[in-house]
Amino acid sequence: MKCPSCQYNGTRVLDSRPVEEGRSIRRRRECEQCHFRFTTFEKVEEMPLIVVKKEGTREEFRRDKILRGLIKACEKRPVALEQLEQITQEIEKELRNQGIAEVKSETIGEMVMERLSKVDEVAYVRFASVYRQFKDLNVFIEELKELIKKEQR
């Protein structure tokens with residue numbers, strides 16, 4: 001690594017420690033020639049994950065959008081924020097482990113609903129009603145019947 005001060009191509013690492021919950025490493029370095037000290041960060045380069053929306057537009061995956069939707073669905077419900085963050089993390093991990101460059105927003109929505117139904121039924125119905133855009137009460141009732149069937153199994 002080149003020294004940012006004198007451009008010499010030799011440095012030594014003085015200290016290394018994990019940062020960002022272990023997702024990167026902070027290294028304190030010193031130039032072997034001029035003894036200038038500086039900090040570098042090392043992290044895994046992730047491929048961008050693109051979400052294909054219902055109307056065909058594309059945007060980069062953002063985990064905070066999933067988390068916001070979960071928080072809204074769980075408003076005034078006994079669900080801990082840590083649990084919602086864990087769901088979000090699981091979904092992102094599963095998507096990235098598939099090794100695909102693009103994912104449909106419907107796939108993400110189904111993944112959210114699958115996990116949310118196991119956490120809180122009311123939050124699940126709230127999320128499903130917005131996500132599936134229930135047109136009338138009959139569609140809403142059908143969704144509730146499906147939820148009841150799943151619970152009886």
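## Contacts and ground rules

Among contacts in the chain between residues at least 6 apart in sequence, what percentage join residues at least 24 apart? The figure is 39%, with a contact meaning heavy atoms within 4.5 Å.

Bear in mind that this is a predicted model: local features need pLDDT of at least 70, side-chain atom pairs count only at pLDDT 80 or more, and totals for chains, interfaces and linings use all residues. Numbering runs from 1 along each chain as its sequence is written, and side-chain values use heavy atoms, leaving out hydrogens and water.

## Overall layout

You'll find 5 helices and 6 strands here, in the order β-β-β-β-β-α-α-β-α-α-α along the sequence. The chain is more spread out than a compact globule, because its radius of gyration is 23 Å, well over the 15 Å that the globule rule gives for 153 residues. That radius is taken over C-alpha atoms, and the rule is 2.2 Å times the number of residues to the power 0.38. Helices are DSSP runs of H or I with at least four residues, strands are runs of E with at least two, and both are numbered from the N terminus.

Along the principal axes, the C-alpha atoms fill a box of roughly 75 × 35 × 25 Å. Of the 153 residues, 30% count as buried; buried is under 20% relative accessible area, exposed is over 50%, and partly exposed is in between (1.4 Å probe, protein chains only).

## Helix α3 and Leu-116

Helix α3 takes in residues 105–119, 15 residues in all, and reaches 21 Å from its first C-alpha to its last, close to the 21 Å expected at 1.5 Å a residue. The expected span is 1.5 Å times one less than the number of residues. Its buried residues include Ile-108, Val-112 and Leu-116. The buried residues of α3 pack against β4 (50–52), α1 (63–73), α2 (81–97), β6 (102–104) and α4 (121–131).

Leu-116 sits in this helix and counts as buried, at 0% relative accessibility. Not counting residues up to four places away in sequence, Leu-116 touches Leu-70, Ala-73, Cys-74, Ala-123, Tyr-124 and Phe-127. Ile-141 is 25 residues from Leu-116 in sequence, and the two are 18 Å apart, C-alpha to C-alpha.

## Two positive phi angles

Gln-7 isn't a glycine, yet has a positive phi of about 70 degrees. Gln-7 lies in the segment before β1 (11–19) and is partly exposed at 47% relative accessibility.

Lys-76 also has a positive phi without being glycine, near 60 degrees. Lys-76 is in the loop between α1 and α2 and is exposed, with a relative accessible area of 79%.
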